[in-house]
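Here is a short briefing for a first look at a protein model. Please keep the sequence and the 3D view open while you read.

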Amino acid sequence: MRELFANGVNLATNSFELGLTQSPADFLFEDFPIDFAPSMPDLMEKTNAVNLTFRKAGGSLEFEVGLFYQNISDYVFARFIQSNSQNGVRANMLAYNAADVEFSGIDGQVSFRLDTASQVTVFGDYVDTNIKNNDDNLPRISPGRLGARYGYAAGPLSGDVEYYHTFEQDKVASYETRTPGYDMLNATLSYRFDIGQTKTVEVYMRGTNLLNQLAFVHTSFVKDQSPLRGRSVAIGMRHAF
């Protein structure tokens, strides 16, 4: 509903937003330079899609890989217009509009079981977009990612180590900045205590961003103000009953 009726402040994105049904004259700033998409009665997003999934289950080797293509008419997205300030407050100006676009991509994972207790998994995803009849790119599109995970589980002890690389996103909208790639290393170790026949307590330790990388999320409206958390370790307990 925000895409249709937004007209004001959104603290989560540090922006002033204007929906498809609103008039530029109602906005808080003057000189709002945008041509709007059709109003609500005329606007309907339509999608023609093809999805192919290849899957193998059972045995030491398992995989699931998906390919997709989507042709979308009147795809609605928030377009950055400009930064401005009023009464000493600076914020971005965003307006929802629509365009005919194409999405295509691949995602999946391949797992190989080394023995009854351990397994190695390679995973990744990538998406490409295109705005028809326009030289610009869609904003806030996820960059490609490729990684691997080792998992171990034997009796009450389990754990995993995961590494992945998020690639640079340099196919950006004219009003965006590129986002550099980064490496992410995470690890978890846990031990389960059985209490009676139906209750368990699991104690775990989870480390994230162990390489302490400065990483920015390209899909975020406030990526530069709010990077991913640096190196952190959490210790906790879960109780199942």
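The points below go from the whole chain to single residues.

This is a predicted model, in which local features need pLDDT of at least 70, side-chain atom pairs count only at pLDDT 80 or more, and totals for chains, interfaces and linings use all residues. Residues are numbered from 1 along each chain as its sequence is written, and side-chain values use heavy atoms, with hydrogens and water left out.

**Overall build**

- The chain has one helix and 11 strands. Helices (H or I, at least four residues) and strands (E, at least two) are DSSP runs, numbered from the N terminus.
- Read from the N terminus, the order is α-β-β-β-β-β-β-β-β-β-β-β.
- Of the 241 residues in the chain, 33% are buried. Buried means under 20% relative accessible area, exposed means over 50%, and partly exposed lies in between (1.4 Å probe, protein chains only).
- A contact means heavy atoms within 4.5 Å. Among contacts between residues at least 6 apart in sequence, 54% join residues at least 24 apart.
- The chain exposes about 14500 Å², and carbon and sulfur atoms supply 53% of that area. Accessible areas come from the Shrake-Rupley method with a 1.4 Å probe; for residues, only the protein chains shown count as cover.

**The largest pocket**

- The largest pocket holds about 370 Å³ of space. Its lining has 16 residues, and the closest to the pocket centre are N92, Y175, S220, F221 and K223.
- A pocket is found on a 1 Å grid over the protein atoms alone: it is an open set of points where a 1.4 Å probe fits, with protein on both sides within 12 Å along at least five of seven lines, and lining residues have an atom within 4 Å of a point. Points are joined across faces, edges and corners, and the volume is the space filled by probe spheres set on them.
- The lining divides into six nonpolar, six polar and four charged residues. Ala, Val, Leu, Ile, Met, Phe, Trp, Tyr, Cys and Pro count as nonpolar, Asp, Glu, Lys and Arg as charged, and the others, Gly among them, as polar.

**Positive phi angles**

- Most residues other than glycine have a negative phi.
- R140 has a positive phi, near 55°. R140 lies in the loop between strand 6 (118-131) and strand 7 (145-154). R140 is buried, with a relative accessible area of 17%.
- N209 also has a positive phi, near 50°. N209 sits in the loop between strand 10 (199-208) and strand 11 (232-240). N209 is buried, with a relative accessible area of 2%.

**Side-chain links**

- S232 is in strand 11. S232 is buried, at 18% relative accessible area.
- The side chains of S232 and T208 make a polar contact at 2.7 Å. Such a contact is a pair of N or O atoms within 3.5 Å; within protein, one must be able to donate a hydrogen and the other to accept it, and residues adjacent in sequence count only if both atoms are side-chain atoms.
- Leaving aside neighbours within four places in sequence, S232 is in contact with R206, G207 and T208.
- N137 lies in the loop between strand 6 and strand 7. The N137 side chain reaches the backbone oxygen of V172 at 2.9 Å.
- Not counting residues up to four places away in sequence, N137 touches I131, K171, V172 and A173.

**A pair to locate**

- D74 is in strand 4 (residues 61-86). D74 is partly exposed, with a relative accessible area of 21%.
- D74 and N97 are 23 residues apart in sequence and 8.4 Å apart in space, C-alpha to C-alpha.
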